[in-house]
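Hi everyone, thanks for coming. I'd like to walk you through one structure today, so let me put it up on the screen.

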Amino acid sequence: MNDGMDDAANSGTDSTATTGAGRTACGAAHAAVPPAGRATPGRRLRALARAELTLLGRNRTAVFTALLVPLALPFSVRPALDQLDLKGQGLSVGTVLLTAAIGFAFLFAVYTSLVSAYVSRREELVLKRLRTGEIGDTEILIGTALPSLCVGLAQCVIVAVGCGLLLGTGAPEEPLLAVLGVVLGLVLSAALAAVTAGITRTVESAQVTALPLMFLSMLGSGMAVPLETLPDRLADICRFLPLSPAVRLVQGGWTGRLSGQETLVTLVIALAWTALAVFAVQRWFRWEPRR
């Protein structure tokens with residue numbers, strides 16, 4: 001198995017041993033990466049993605065969290081929505097539930113799943129061994145994130161279709177805004193996961209370090225409670241939270257109520273958070289176990 005990692009990283013180093021999931025990742029990567037000298041970035045990414053997908057499929061807790069939680073949680077807030085004046089804000093129950101489900105996909109299918117994945121691979125020395133070869137740091141991070149990103153994207157598509165059929169939300173008024181919101185939300189969630197992994201010491205503590213952003217986003221980014229129903233000053237503050245721009249773009253895509261200026265400001269905030277997260281990953285992400 002260790003030879004598999006050496007081939008995946010194109011290195012002859014075999015002095016470091018991995019355990020459990022780390023050896024599985026090594027073998028999966030070895031099966032997909034071509035011999036040294038013929039490896040391309042695309043093939044290396046596919047190899048890492050297949051390895052991570054194998055590991056994700058064997059983690060029942062991660063699969064349950066990624067697949068079912070984003071679909072079930074929005075309906076838990078349905079009773080509270082009945083107490084809000086949604087029509088006065090140009091919203092409907094279906095649109096709010098759709099937006100919430102997509103936001104929860106960002107958090108559970110991508111963010112929390114990837115925090116655990118990054119920390120686990122680091123502690124098992126998988127990341128360290130991969131870096132000894134020709135594969136780049138960015139490729140390692142993206143390859144690890146690809147399965148979770150694909151699951152998150154699939155969740156968003158399923159939610160959009162399901163809400164359209166069952167809740168009458170229909171197609172988005174501004175499809176481009178909805179697509180931009182989903183893409184930015186997925187990318188930023190993955191980047192924030194890498195940032196959180198950098199400050200997480202162990203796999204066991206990964207769920208704890210992910211909680212602050214999870215709760216802050218659920219309560220303040222328009223997932224559990226639409227920002228339009230909050231007091232104006234509080235809503236203005238919440239719009240600057242990391243995932244608020246993505247959620248707002250998704251909602252604006254379906255309602256068509258975002259003006260050109262509001263769209264521009266929202267995009268600037270989203271891109272600023274993405275750039276900040278990427279910088280933080282480059283500066284503080286840890287590739288070796290924290291001791």
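Here's a question to start with: how close do the axes of helix 10 and helix 14 come, and at what angle do they cross? Before I answer, please keep in mind that this is a predicted model.

The axes of helix 10, residues 175–198, and helix 14, residues 260–284, come within 9 Å, and they cross at roughly 25°. Angles under 35 degrees count as roughly parallel, so that is what we call helix 10 relative to helix 14. As for handedness, helix 10 passes helix 14 in a left-handed crossing.

Which residues do the meeting? On the helix 10 side you'll find, among others, Leu 177, Leu 180, Leu 184, Val 187 and Leu 188. Across from them, helix 14 brings residues including Leu 267, Ala 270, Leu 271, Trp 273 and Trp 284. If you sort the residues of this contact by type, you get 17 nonpolar, three polar and no charged.

Phe 240 sits in the loop between helix 12, residues 232–238, and helix 13, residues 244–255. Its partners, leaving out residues up to four places away in sequence, are Ile 269 and Trp 273.

Now, stepping back to the whole chain. There are 14 helices and zero strands. Of the 291 residues, 51% count as buried. And if you take contacts between residues at least 6 apart in sequence, 79% of them join residues at least 24 apart.

The largest nonpolar core has 57 residues, and the ones touching the most other members are Ile 102, Tyr 111, Leu 114, Tyr 118 and Phe 285.

Leaving out residues up to four places away in sequence, Leu 114 touches Thr 144, Ala 145, Ser 148, Ala 190 and Ala 193.

How values were computed
Residues numbered from 1 in each chain as written. Predicted model: local features only at pLDDT ≥ 70, side-chain atom pairs only at ≥ 80, totals over all residues. Heavy atoms only, no water. Axes fitted to C-alpha atoms, helices over the stretch in contact; angles between N-to-C directions. Helix = DSSP H or I, 4+ residues; strand = E, 2+ residues; numbered from the N terminus. Parallel < 35°, antiparallel > 145°, perpendicular 65-115°, else oblique. Left-handed = near helix turned anticlockwise from the far one by under 90°. Contact = heavy atoms within 4.5 Å. Nonpolar A, V, L, I, M, F, W, Y, C, P; charged D, E, K, R; others polar. Core = buried A, V, L, I, M, F, W, Y, C linked by side-chain atoms within 4.5 Å. Buried < 20%, exposed > 50% of the residue type's maximum accessible area, 1.4 Å probe, protein only.
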